[in-house]
Amino acid sequence: MERIPDDKFCIFISHKHEDHALAMAVRDALHHLADGRIECFVSGVDISAGADWNRQIKTKLACSHLLVLLFTSPSENWDWCLYEAGLFTRFDEEDVSAIVCLYNPESGSPRPLANLQGVPAERAAVERFIGELCRETWCISDDWRRGALAADAGEDRIAAAADAIVGAFPTQSFAHRSHYACHRVVLDLRGVGSIGSIIPETARVVEGDGATSGLTLSLFNLADGRKTLTWRDLLDAVDGTDASWRHQLDRRFVAALNEELFTPISAKLGAWNQGRRYQRVFRPVLYRIVRARAAEGEDPRGVPIELTIVFDPLPEAAAAGASAFDLMRINARLRAEVFDEFTGTVHARAADGLDVFSDIREALRVVYEDAERVGLFEPRALRRVYGEAFERDAVEAKRAEWTDRLDRLDAALGGRDADGVEAELTRLSELNRSFSLLAAGRYLDLLREPATP
């Protein structure tokens, strides 16, 4: 919709609720600059009770010549303000001169608006912006066709307005910065349509220091900032569309939406590291789902609007005896994620309607993906790790029995034979314990060997 020309220069002031005082100060400072020719609309304030606020905001945006976004702290959620800016911006034009972001000079402007006009909340910069607004209005807004708003505006009046705006800008955000000691991806679930059985691939990645940082995006080799990212972009970057960690994360997302408890994710994500893939290993953790207040007739729990996923770094294997250490680690994962988790529970889970047979297959698949990544369980690899103990302790015979039992377990899972599955899990658990003791002994032997000069 084309903006409506008028004798008044209309400014839409977008802000967070917490910055109400700042918005009013900006409105007052701008309102008196041009002898009544400037009209300011403060988002969230100048809407009458009972009005259709969404329609009224769109109407005001369509009639405004300039949008001023008050960006005070990057650690807050700015989705709604950026949504207003997106409605106002005309993406069919290459050069847009109708949005000004007044921002904290220590943090910078929001990344999605970095290519538009930005004004740090410092006196000289704000004074320059107000001077151009009064004397070269067409440079501030490409929609204004009526010349300078106040060509004769005095320096004293402009300086006073700048002082009022900078003085009202919250100083706490200048001195206090939030630090998140983890990698986290924040996804915007608004506008993705109905949410099914997976995390929506079209969900937008919310970027910024308070959301998804550039450091976190470097795990996906996507920190160049050349486009707005989606969850699918992140999945594609680490070959994650069909990865076990993605499927586990989706199932826990659905469980969380239904307010059900779930076990931690066992699968792992291989991230990028300075151009070389899969050097850093992380475990995804479903951290938080934010819901909007439900409207009449909707789910009383509310509509999910934001999802936060934390990526927990996992320790690397020790350098000394690394292969033996990997064997111990894989054996420990098999015990914790397969045998301790499922042995003795198959009948009960099946009776409760749970697809325990698929869950066991998935758990084994996840551990074996890890084992294959480090080249374990092949006879040549095992012989290299155990050395003389390979023959002495009958490792090959145990490996052959393990393979045979694993085939039997697979057949029982395919036939949904709960008794057969329980029997094979029990025997495999005993074999796994034997392998664990052998691997631990070999690891200790390697640690006792003198270091190679």
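## Exercise 1: a threonine in its surroundings

Thr216 is buried, at a relative accessible area of 1%; buried means under 20% relative accessible area, exposed over 50% and partly exposed in between, with a 1.4 Å probe and protein chains only. Before going on, note that this is a predicted model, where local features need pLDDT of at least 70, side-chain atom pairs count only at pLDDT 80 or more, and totals for chains, interfaces and linings use all residues. Residues are numbered from 1 along each chain as its sequence is written, and side-chain values use heavy atoms, with hydrogens and water left out.

Task: find the helix in which Thr216 is found, and name the residues that Thr216 touches, not counting those up to four places away in sequence.

Solution, step by step:
- Locate the helix: Thr216 belongs to H8, residues 214-218. Helices (H or I, at least four residues) and strands (E, at least two) are DSSP runs, numbered from the N terminus.
- List the neighbours: leaving out residues up to four places away in sequence, Thr216 touches His183, Arg184 and Val185. Contact means heavy atoms within 4.5 Å.

## Exercise 2: two packed helices

Task: work out how H1 and H6 are oriented to each other, and which residues make the contact.

Solution, step by step:
- Read the geometry: H1 (residues 20-31) and H6 (residues 155-168) pack at an angle of about 180°, and their axes are 9 Å apart. Axes are lines fitted to C-alpha atoms, for helices over the stretch in contact, and angles run from 0 to 180 degrees between N-to-C directions.
- Name the orientation: H1 and H6 are therefore roughly antiparallel. Angles over 145 degrees count as roughly antiparallel, under 35 as roughly parallel, 65 to 115 as roughly perpendicular and the rest as oblique.
- Find the contact: H1 brings Leu22, Ala25, Val26, Ala29 and Leu30, while H6 brings Ala161, Ala164, Ile165 and Ala168.
- Sort by class: the contact of H1 with H6 has 9 nonpolar, no polar and no charged residues. Ala, Val, Leu, Ile, Met, Phe, Trp, Tyr, Cys and Pro count as nonpolar, Asp, Glu, Lys and Arg as charged, and the others, Gly among them, as polar.

## Exercise 3: a strand between partners

Task: describe how E3 is covered and which strands pair with E3.

Solution, step by step:
- Check burial: 6 of the 6 residues of E3 (residues 66-71) are buried, so this strand is largely enclosed by the rest of the structure.
- Look at each face: Leu66, Val68 and Leu70 are buried on one side, and Leu67, Leu69 and Phe71 on the other.
- Follow the pairing: E1 (residues 9-14) runs parallel to E3, joined by 4 bridges, and E4 (residues 99-103) pairs with E3 in the parallel sense over 5 bridges. Two strands pair if DSSP finds at least two bridges between them.
- Pick out partners: Ile11 has Leu66 as its bridge partner in E3, and Phe71 stands opposite Tyr103 in E4.

## Exercise 4: looking for disulfides

Task: how many disulfides does a search of the whole structure find?

Solution, step by step:
- Count: the search finds 0 disulfides, a disulfide being a pair of cysteine sulfur atoms within 2.5 Å.
- Check burial: Cys40 counts as buried at 12% relative accessibility.
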